[in-house]
Amino acid sequence: MKIQDICRFMESFAPTALSESWDNVGLLCGDRSAPCSRVMTCLTVTPESANEAVERGAQLIVSHHPIPFRPMKSLTEDETVGHLLRTLIRADVAIYSPHTSFDSATRGINQQIAEALGLSSILPFVPHPEADGGTGRFGEFPQPIDLGTFLSRVKTLFRLPYVQYVGAPSASVRRVGIGCGAAGDFFKHALRTKCDVFLTGEANFHTCLESKARSLPLVLMTHFAGERFACENLAQILKEELPDLESVWACESEVEPIATFF
């Protein structure tokens, strides 16, 4: 199997047409024609995940977050991104990033979260005109639950020490809006689709104030937890869909960068 074979699968699984115009997706580093039998998935290329890939002999990293993300004028050890890329290039490790195309795909992050929560009648906030899938998701529980119960489910699903939220724990929740990552801007979609709660990775202070003013509860699953969840699932998907690969694993050294002090 070659790197281009994994790229071809990823482009069918999470079509690049679904990516946002500002994004940088696809094969970002490496030789398409190179052989590949060992793949590591991760949320982000960091010193820890890059070292794990090199030490365990990965030939391709499928990283949700792209590296490089923005255009670079130099590739040196002076900057973290340059150091990480040089580390992987020296070891001949390629990088593929699906990023926002994975967010929006029919088996992508937002869909996976909606299904894991037990929602049905799941639809994108904004269907994509050219490919299956689309921006965010919303769906419904079979029966209403209270916000407190919903918070408990989110905490358990993502193995969180606590959950930040806006709203009354007694509020009734049936229709749930979802936007993984830094999707606070999707709050407007949750309002438009008459959701009872909006679940996202992170949102700014003013979005939290708008949530309170509009009486639409907001729940933060953290950027890391919501997307890392799907990167672990992606490793299993690659194993099942590409059985000729010798080894596929989700990075084991990747952790939430923000510590919690109790």
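Reply:

Once neighbours within four places in sequence are set aside, Phe150 is in contact (heavy atoms within 4.5 Å) with Leu117, Phe141, Ile145, Val176, Val197, Leu199 and Val219. Before we go on, this is a predicted model, where local features need pLDDT of at least 70 and side-chain atom pairs count only at pLDDT 80 or more, while totals for chains, interfaces and linings use all residues. Residues are numbered from 1 along each chain as its sequence is written, and side-chain values use heavy atoms, with hydrogens and water left out.

Now step back from Phe150. The largest nonpolar core has 53 residues, and Phe150, Ile113 and Val154 touch the most other members. A nonpolar core is a set of buried Ala, Val, Leu, Ile, Met, Phe, Trp, Tyr and Cys residues joined through side-chain atoms within 4.5 Å. Buried means under 20% relative accessible area, exposed means over 50%, and partly exposed lies in between (1.4 Å probe, protein chains only). Helix H9, residues 223–241, gives the most to this core, with seven residues. Helices (H or I, at least four residues) and strands (E, at least two) are DSSP runs, numbered from the N terminus. Apart from this core lies another one, of 16 residues, including Cys29, Val45, Ala50 and Leu88.

Next, let's look at the rings. A search of the whole structure finds nine aromatic pairs. Rings of Phe, Tyr and Trp (its six-membered ring) pair if their centres lie within 6.5 Å; planes under 30 degrees apart are stacked, over 60 edge-to-face, and the rest tilted.

Trp22 and Phe69 have ring planes at 85 degrees and centres 6.1 Å apart, so this pair is edge-to-face. Trp22 sits in the loop between helix H1 (3–13) and strand S1 (26–29), and Phe69 in the loop between strand S3 (60–63) and helix H3 (80–90), so the pair ties together parts 47 residues apart in sequence. Phe69 counts as partly exposed, because its relative accessibility is 31%.

Phe125 and Phe138 make a stacked pair, because their planes are at 15 degrees, with ring centres 5.8 Å apart. Phe125 lies in the loop between strand S5 (120–123) and strand S6 (126–127), while Phe138 belongs to strand S8 (residues 137–146), so parts 13 residues apart in sequence are tied together. Phe125 is buried, with a relative accessible area of 4%, and Phe138 is buried too, at 12%. Finally, ring pairs link Phe125 and Phe138 with Phe187 and Phe198 into a cluster.
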